[in-house]
Amino acid sequence: MIEVANRLQTVEEYYFSKKLREVGLLIASGKPIISLGIGSPDLQPPKKVLDAISESFQDANAHKYQSYQGLPELRNAISKFYKAHFSVSLSPNTEILPLMGSKEGIMHISMAYLNEGDEVLIPNPGYPTYQSVTKLVGAKGVLYELDEANNWQPDFAALEKTDLTKVKIMWVNYPHMPTGAQPSKTVFEDLVAFGKRHNILIVNDNPYSFILNDEPKSILSVEGAKDVCLELNSLSKTFNMAGWRVGMVVGDSVHIKNILKVKSNMDSGMFYGIQKGAVEALKCSKMWFATLNNVYKERRDLVWKLADALNCTYDKNATGMFVWAKLPAYLKSEEFIDLVLKENHIFITPGTVFGTKGEGYIRFSLCASTENIEEAIARVE
Ligand SMILES: Cc1ncc(COP(=O)(O)O)c(C=O)c1O
């Protein structure tokens, strides 16, 4: 028997990896499942993106290993995108590293900065990967609780009362997944000050800025933020390119160099055609975002109706690709979603996937057609 590494004892298979197998079996057995689970955009990327990847196949360099830092053209496009949408200036040569999705950036940043025993502040509720990657690198996750009463913003007074001496990284994610909470007016300034005060690297994971959100913001727009902050971003949700695997980490050149040290030892560049497509996506005009959001708006109106039919409550000011809904007080998230899956053949994500603070909540994805959401409402009603 070959024993697995100790680190594997610290993590479980990713929730969706397991649950989607179960849902897949139900589908295979003929059950008409409607999935409102995972946030994988079902819409097409912009046409010019598809044209760019098709045209790229004939280029002489298309099939070679690509630069570890991505095409200069792609870094330029990211720099212009950050300037246009966030008013943040980034040097394409030193302050931008394209990634294969922002998810891998969580591992790369952790590998670059964490030693065994270092502590990491992780939002509860929050994206589960922050916790699992922290465990995989042998560091210790310290959960900080987000509360609906505080519109899911960090409680700095509570954090200041804790021992922060071993904390090296703090993960933040605004607009917040799963709740859809926007960053408050001052939270980015407060985070920068907090990071400086305690010498903590603040990483804002920012893939949802452009979904149902009129005010995209970057933590790097705060003066002095580059001293202690990095930002992850992604084309997955903004341009319906989740399967392409294109993201980025941006920030101070010293951090970017450190992350490149890890990344250049793990992959050998991103496929050329994908980079060419990404360049075209990043050049999209405001029209793209308006059209995309019209679709999500229509779907969200219907999901609100579905949530009403399930006796849930929700915040109409929330942003992003999900509706985060509160169950009636006596119900547990996982029991509830299992019941709806069994009785109505609708798959919804239980809030507990995102931590203990997600108990009593469920998360609906907007990555389903209006027809399917209407059918879900009819089944529940
Ligand atoms: C909060 C958050 N961060 C990061 C990711 C990863 O996105 P990607 O790796 O596709 O860029 C997701 C995906 O669902 C997410 O919800």
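**Exercise 1.** Find out which residues Ser209 touches, leaving aside those up to four places away in sequence.

*Solution.* Keep in mind that this is a predicted model. Step one: look around Ser209, and you'll find Phe86, Pro175, Pro216 and Lys217 touching it. Step three: look for a polar partner. The Ser209 side chain makes a polar contact with the side chain of Asn206, at 2.8 Å.

**Exercise 2.** Is Ser209 buried or exposed?

*Solution.* Take its relative accessible area, which is 0%. Buried means under 20%, so Ser209 counts as buried.

**Exercise 3.** Work out how the buried residues of helix α8 are arranged around its axis.

*Solution.* Start by listing the buried residues of α8 (residues 253-263): His255, Ile256, Ile259, Leu260, Val262 and Lys263. Now look down the axis of α8: these buried residues fall within an arc of 155°, so they line one face of the helix. Then check the other side, where Val254, Lys257 and Lys261 are exposed. Finally, ask what covers the buried residues of α8. The cover includes β2 (96-99), α4 (102-113), β6, β7 and β8 (247-251).

**Exercise 4.** Which residue caps the N-terminal end of α8?

*Solution.* Go to the backbone nitrogen of Val254 and look for a side-chain oxygen 2.9 Å away. That oxygen belongs to Asp252, so Asp252 is the cap.

**Exercise 5.** Asn151 and His345 have positive phi values. Decide how exposed each residue is.

*Solution.* Asn151 has phi near 45° and lies in the loop between β4 (140-145) and α6 (156-160). Its relative accessibility is 35%, so Asn151 counts as partly exposed. His345 has phi near 55° and belongs to the loop between α11 (333-344) and β11 (346-350). Its relative accessible area is 18%; the cut-off for buried is under 20%, so His345 is buried.

Methods:
Residues are numbered from 1 along each chain as its sequence is written. This is a predicted model: local features need pLDDT of at least 70, side-chain atom pairs count only at pLDDT 80 or more; totals for chains, interfaces and linings use all residues. Side-chain values use heavy atoms; hydrogens and water are left out. Buried means under 20% relative accessible area, exposed over 50%, partly exposed in between (1.4 Å probe, protein chains only). A polar contact is a pair of N or O atoms within 3.5 Å; within protein, one must be able to donate a hydrogen and the other to accept it, and residues adjacent in sequence count only if both atoms are side-chain atoms. Contact means heavy atoms within 4.5 Å. Helices (H or I, at least four residues) and strands (E, at least two) are DSSP runs, numbered from the N terminus. The arc is that of the directions from the helix axis to the C-beta atoms.
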